[in-house]
Amino acid sequence: MAEWWRNAVLYEIYVRSFADGNGDGLGDLPGVRARLPYLRDLGVDGIWLTPFYPSPDADHGYDVTDYVDVDPRFGTLEDFDALLADAHDLGLRVLIDIVPNHTSDQHPWFRNALADPSSRDRARYLFRPGRDGGPPNNWTSAFGGSAWELDEASGEYFLHMFAPEQPDLDWHNPDVEESFAEILRFWLDRGVDGFRIDVAQALYKDNTLADTHEPERRTWHADWVTHVNQPDLLPLYARWRRLAGEYEGDRMFVGEIVLLDQDAVAQYVTPERLQLAFNFTLLHSEWDAEAMRATIEATRVALEAVGAPPTWVLENHDVVRLPTRYGGGAEGVRRARAAALLVLALPGTVFVYEGQELGLEEVYVPEELRQDPIFFRTNGTRPGRDGCRVPIPWESDPPGFGFTDGTPWLRIPDDWTEKSVARQTGDRASTLEQYRAALAARRSIPALRSGSFAWLDVAPGVLAFERREGDEAVACVVNVDADPVALPDGELLVASDPEVSGTLPRAAAAWVRLRM
Ligand code: NOJ
């Protein structure tokens, strides 16, 4: 299908937590490969693999020492090729994660840069003299503390927007762009369908290094006001799009553009730039019909203006799991299930994070077992992201739950027996079977996948819209917090609450094929 990415469902695989093929307790590429049939049966169109490159793991793989190899803990390049071939045989697209904003401090470029300040590699990074006995400016790291680290040997500071073990590259240096073009080609030659670009709004920094006036307290998705989102990014992404366009097969990019202003995001996804940008606005919305509608509408309108499809993200490996964000317990799961039907019926591309289809909740990871640098760099004031990264329960038995024959790298809670793929499979009331049914309907009903969109006004507290193609129309009704509402006349396709028939209770959603 041309421009397959316009209305795909893409499944994020956090590689170390998906499936372990060799019993060392860490997920790996052979593990993913063995579970591909599950994803085909789930009904997604493709996968996004988080970084599997050699890495000392200061930020779980987002600190890369070699962009064109596989970390031995995750397998080999041959394992990658085999995974890719199997995925393609099953009709699944494969996106990989490219990390161009920073390398690991163990990358040969950075080691050279430290060892020899006159080396050409030094200029790949942002080394600058300090100011008044301190760092060059007031920029702070997304992981807490200053964004500058002193290189004692030279007396200069280097920039790191994340952990100090993740020095930022200087994208104003053409050597950097040239190296990444080679890296992209390496993977395109191997046959990947596209890339997820890490920290895509931040590669170029404000060269003047002016102090920023952003608020000191920052959440994951707050805009970085002054020093990122630089104009040089737009022509870079046009060059990348042309590069990928030299290959057959509609290869694509999805940028992690961490900007809430959708008009700013739209600039990145014009027809000559990136195909997609993550849209994190629903990660911020409360369970509130008006707020959700406003957010959806702002995204749709801004992206429609540039001809780009919106994307919808409810979870990923950086945020608290959705049922927990929605209040936790049975009510949290109920709302999360309704939200799934909401986004799967919206126009555009949907990203599903591993385990979202099981209704997994955030796990409390005891402090002594925490791994995320955010926890350590903020002295424990921010809990970090380990709680959404706990491995997937495939089977019902602890401690490995079919994820591993060994000991999982993060403990899987005992009560996940009920949440396991094995337990949910075949149970029509389960979250997993709801996802399967919704994805099957989305695949088989063109109106749901590519039809026109119009809001329907049902009642305050209810979100409803219609998707229509030819003589077929499907209504998606989400009762956020209203009294039960009558569903429109027609065939009930999928409901988030198995009890639903003619009326829709609070915190539930349904798709109805309308009688024409
Ligand atoms: C965004 C990634 O999703 C996150 O996991 C990582 O820590 C940062 N970028 C830095 O690479």
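**Exercise 1. Asn-379 and Asn-229 in the predicted model**

Classify Asn-379 as buried or exposed in this predicted model, and then determine how exposed Asn-229 is.

*Solution.* Step 1. The relative accessibility of Asn-379 is 72%. The cut-off for the exposed class is over 50%, so Asn-379 counts as exposed.

Step 1. Asn-379 is placed in the loop between α12 and α13. Its phi is near 50°, which is a positive value in a residue other than glycine.

Step 2. Asn-229 also has a positive phi, of about 55°, and is not a glycine. Asn-229 belongs to the loop between β7 (194–197) and α6 (233–245). With 31% relative accessibility, Asn-229 is classed as partly exposed.

Step 3. As background, a negative phi is found in most residues other than glycine.

**Exercise 2. The surroundings of strand β11**

Determine how many residues of β11 are buried, which way its side chains point, and which strands pair with it.

*Solution.* Step 1. β11 comprises residues 349–353, and five of its five residues are buried.

Step 1. Thr-349, Phe-351 and Tyr-353 point one way, while Val-350 and Val-352 point the other way.

Step 2. β1 (residues 9–13) pairs with β11 in the parallel sense over four bridges; here Val-9 stands opposite Val-350.

Step 3. β10 (residues 311–313) runs parallel to β11 and is joined to it by three bridges. In this pairing Val-313 is opposite Phe-351.

**Exercise 3. An open sheet of three strands**

Give the strand order of the open three-stranded sheet and identify its edge strands.

*Solution.* Step 1. The order is β4-β6-β5, and the pairing is antiparallel.

Step 1. β4 (127–128) and β5 (148–151) each pair on one side only, which makes them the edge strands.

Step 2. Four bridges link β5 to β6 (residues 156–159) in the antiparallel sense. Leu-150 stands opposite Tyr-157 in β6.

**Exercise 4. The ligand shell**

Describe the residues around the ligand and the extent to which the protein buries the ligand.

*Solution.* Step 1. There are 14 residues around the ligand, of which Asp-59, Asp-198, His-317, Asp-318 and Arg-385 come nearest.

Step 1. The shell consists of five nonpolar, two polar and seven charged residues.

Step 2. Distances to oxygen atoms of the ligand follow. A side-chain N or O atom of Asp-198 is 2.7 Å from one, a polar side-chain atom of His-317 is 2.8 Å from one, and a polar side-chain atom of Arg-385 is 2.9 Å from one.

Step 3. The ligand taken alone exposes 300 Å², and the protein buries 100% of that.

**Exercise 5. The nonpolar cores**

Identify the residues with the most contacts in the largest nonpolar core and the helix that gives the most to this core.

*Solution.* Step 1. The largest core has 147 residues; Leu-39, Leu-49 and Trp-511 touch the most other members.

Step 1. Helix α11 (residues 329–345) gives the most, with nine residues.

Step 2. A second, separate core has 16 residues, among them Leu-126, Ala-142, Leu-159 and Ala-163.

Definitions and conventions: Residues numbered from 1 in each chain as written. Predicted model: local features only at pLDDT ≥ 70, side-chain atom pairs only at ≥ 80, totals over all residues. Heavy atoms only, no water. Pairing = 2+ DSSP bridges. Helix = DSSP H or I, 4+ residues; strand = E, 2+ residues; numbered from the N terminus. Near = heavy atom within 4 Å. Polar contact = N/O pair within 3.5 Å; in protein donor to acceptor, adjacent residues only side chain to side chain. Areas by Shrake-Rupley, 256 points an atom, 1.4 Å probe, with all protein chains shown as cover. Nonpolar A, V, L, I, M, F, W, Y, C, P; charged D, E, K, R; others polar. Core = buried A, V, L, I, M, F, W, Y, C linked by side-chain atoms within 4.5 Å. Buried < 20%, exposed > 50% of the residue type's maximum accessible area, 1.4 Å probe, protein only.
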